[in-house]
Amino acid sequence: MTYKYKSVPVKSSEITPYAHYLSRREFLKAAGMVTGSALLAACAPKVSAAAVAGSKVTDLPVRRDEFGDPANSFEDITHYNNFYEFSENKEAVHKLSGDFKSHPWTVEVYGLVNHPRTYGIEDLLKKFPQEERIYRLRCVEAWSMVIPWMGFPLASLLKEVEPTSDAKFVRFETLLDQTQFPHQGSHLYPWPYQEGLRLDEAMHNLTILATGVYGQPLPNQNGAPIRLVVPWKYGFKSIKSIVKIELVDKQPATFWKTINRKQYGFYSNVNPNQPHSRWLQTSERRIGELGHRATLMFNGYAEQVASLYEGMDLNKNY
């Protein structure tokens with residue numbers, strides 16, 4: 001049986017323009033035509049190391065997502081962050097993360113693959129062309145941003161290691177290092193942070209490993225040096241500072257589901273009809289805006305990803 005969901009009121013500003021609707025796939029393909037080096041040379045703003053660390057940046061060129069919405073400012077993106085390894089206070093993370101050392105860095109890719117490998121971050125940057133993808137980020141706390149990520153499709157990495165026929169899921173793990181992540185000393189949470197995707201979700205073109213933002217290397221507070229971005233899911237699925245990627249045959253345990261499985265499901269697709277006990281999901285506040293806007297099913301990416309869940313009850317498989 002095909003999945004069903006209720007409609008929610010949508011403001012006219014949230015409706016995808018017809019021209020954008022016709023060219024969404026072309027937009028996504030075109031986003032991948034520019035390599036990181038070309039992008040930095042051609043249009044990246046000149047931002048100093050101090051700016052990346054958190055100083056205000058005011059001279060960035062305007063970027064818009066495929067829906068026509070402008071990207072949030074560099075200041076917004078780097079000063080309001082969910083990163084529990086540093087703090088539960090979103091506005092404190094950028095200060096607490098200033099001394100985090102993201103180099104040298106390696107990512108181990110292993111498990112049910114034919115060619116397990118450990119990559120240095122420099123190897124990943126050289127091997128996989130960096131693309132700009134301007135995606136919406138919707139957090140379960142009912143706030144959102146539009147972020148111009150730099151990165152590459154996760155599928156490119158997975159194809160190189162060749163998942164075996166037994167691989168059904170991908171498990172991700174964040175660095176475990178209390179000397180760098182002070183809040184990992186809290187015994188209230190099941191460290192290290194772990195997340196997971198079904199293999200077909202991981203292989204989807206929209207799913208990327210991000211290595212930068214606004215054409216600059218990924219700031220510490222945003223998950224340096226490499227993080228997952230899955231734009232049709234709530235932000236906590238996009239795990240930061242990844243050190244391990246494992247292909248497995250069973251659905252892996254995930255951080256928030258381990259804490260509270262009634263409120264945080266494995267799939268965690270943006271769904272305005274699936275309630276949360278503490279936050280309204282039918283609307284969201286875009287950071288930098290005063291009012292609220294309607295939350296769209298799959299965060300607005302239904303055309304691209306709804307087929308992944310054909311026949312599933314998304315209120316049970318949340």
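Reply: What follows describes the sheet, strand by strand, and then the helix beside it.

This is a predicted model, in which local features need pLDDT of at least 70 and side-chain atom pairs count only at pLDDT 80 or more, while totals for chains, interfaces and linings use all residues. Residues are numbered from 1 along each chain as its sequence is written, and side-chain values use heavy atoms, with hydrogens and water left out.

The open sheet has five strands in the order β2-β1-β10-β5-β6, and their pairing is mixed. Strands here are DSSP runs of E with at least two residues, and helices are runs of H or I with at least four residues, both numbered from the N terminus. Two strands pair if DSSP finds at least two bridges between them. β2 (117-120) and β6 (194-198) stand at the edges with a single partner strand each, so one side of each has no neighbour in the sheet. On average, neighbouring strands of this sheet are turned by 15° against each other, direction ignored. Such angles lie between axes, lines fitted to C-alpha atoms (for helices over the stretch in contact), and run from 0 to 180 degrees between N-to-C directions.

At one end of the order, β1 (residues 106-111) and β2 run antiparallel and are joined by four bridges. Here Thr106 stands opposite Gly120 in β2.

Helix α8 (residues 154-161) packs on the sheet, touching β1, β2, β5 (169-174) and β10 (242-248); contact means heavy atoms within 4.5 Å. The direction of α8 makes about 140° with that of β2.
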